[in-house]
Amino acid sequence: MKTIFTTTLRSTFWVLLFLSLIQPFGIDKLEEGRILFILGQTTISFVAIFISYTIAYMVVRRGRDDQNSLRLFLLETLLMFALSIPMLGAMLLTFNAWFNTGNMWSYWFYGDRFSLHGFGVMCVYVSCISFFIFLFSCFQYRNAKLRSELDEVKAINRMLEQRQERLEKEETAEVMPDAETVPENTITITGQGQDATLTLCPSKIIYVESMANYADICYIHDNEICHKTLRITLKQIRETLEGVEGIVQCHRAFLVNINFVVAMTSKNPGYELQLFGMDKQIPVSRSNTDALKAILTP
């Protein structure tokens, strides 16, 4: 409800600004009551926009998971205008007739016959105003999206820093004279064909990149970065690494070891991960961002 009310207020503000500056509907010819006329039309606009936006919001966004998607925003905005333009046209025509003639139905008749000419003209006026409101709404949506992405990047980078600090403390504790180190179990990733196996400690895997039916496994061996290409799907590797702490699917074509990630940056669409000591940028799709945050949460 807060979103509906805030959006309605923004749209109504632009209506008020448009009426005050452009002064359509013969406002500029009024000698008396100009301010009351503008305030009356603005109030009617608020009511019509609130009703139409509430209906559009409930129809488009109810039960949807991707509440911030561009597609939903466009559907919601277009539905809102489709409802508000005829509604506002009828309400404003009636109000103008009452304000100017004292008879709220006078502009609905041409002579003795009922006519939609005045209603059509009013809808054209409302459509022109709606066009500018639509441009403003797109601008607002873009800015809100950028702010949301920036906040998300900052939050994930803070979690990455905290994770790196925690890993450094654990490494320091392991090198203490009295510390007991437990050897890590190795795993074997088996692909198709000859020499299609790779045995290593899962913590040494940096990332895995899928290339159709092949996968490039980047890992550390003897303090050097190595690559091994196997004929295997990313799904099979993910199943092999299931339960390994720190490895997460960040993109449909990538698995990454979060322990090697030092920062995340925003890139349209999605994000990118910067790896320690490497130029390789690992893409992060928006659908996998929640999984990334979940594995970073202590």
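**Stop 1: aromatic rings**

Select Phe37, Phe95, Trp98 and Phe99: ring pairs link these four into a cluster. Rings of Phe, Tyr and Trp (its six-membered ring) pair if their centres lie within 6.5 Å; planes under 30 degrees apart count as stacked, over 60 as edge-to-face and the rest as tilted.

Before moving on, note that this is a predicted model: local features need pLDDT of at least 70, side-chain atom pairs count only at pLDDT 80 or more, and totals for chains, interfaces and linings use all residues. Residues are numbered from 1 along each chain as its sequence is written, and side-chain values use heavy atoms, with hydrogens and water left out.

The whole structure holds 17 aromatic pairs. For one of them, pick Tyr53 and Tyr57: the ring centres are 6.2 Å apart and the planes sit at 45 degrees, so this pair is tilted. Both are in helix H2, four residues apart, or about one helical turn. (Helices are DSSP runs of H or I, at least four residues, and strands are runs of E, at least two, numbered from the N terminus.) Tyr53 is buried at 7% relative accessibility, while Tyr57 is partly exposed at 22%. Here buried means under 20% relative accessible area, exposed over 50%, and partly exposed in between (1.4 Å probe, protein chains only).

Next, select Phe81 and Phe134. Their ring centres are 6.3 Å apart with planes at 70 degrees, so the pair is edge-to-face. Phe81 belongs to helix H3 and Phe134 to helix H4, so the pair ties together parts 53 residues apart in sequence.

**Stop 2: the nonpolar cores**

Now show Val15, Met80, Leu88, Leu92 and Val126, the residues with the most contacts inside the largest nonpolar core, which has 27 residues. H1, H2, H3 and H4 each give two or more residues to this core. A nonpolar core is a set of buried Ala, Val, Leu, Ile, Met, Phe, Trp, Tyr and Cys residues joined through side-chain atoms within 4.5 Å.

Zoom in on Val126: leaving aside residues up to four places away in sequence, Val126 touches Ile85, Leu88, Gly89 and Leu92 (contact means heavy atoms within 4.5 Å). Another core, of 24 residues, lies apart from the largest one and includes Met159, Leu160, Cys250 and Val261.

**Stop 3: the lining of a cavity**

Which residues lie nearest the centre of the largest cavity? Select Val15, Ser45, Leu88, Val126 and Ile129, which are among its 14 lining residues. A cavity is a set of points, on a 1 Å grid over the protein atoms alone, where a 1.4 Å probe fits but cannot get out; lining residues have an atom within 4 Å of a point.

Definitions and conventions:
1 Å grid on protein atoms, 1.4 Å probe; cavity = no way out; pocket = protein on both sides within 12 Å on 5 of 7 lines; lining within 4 Å.
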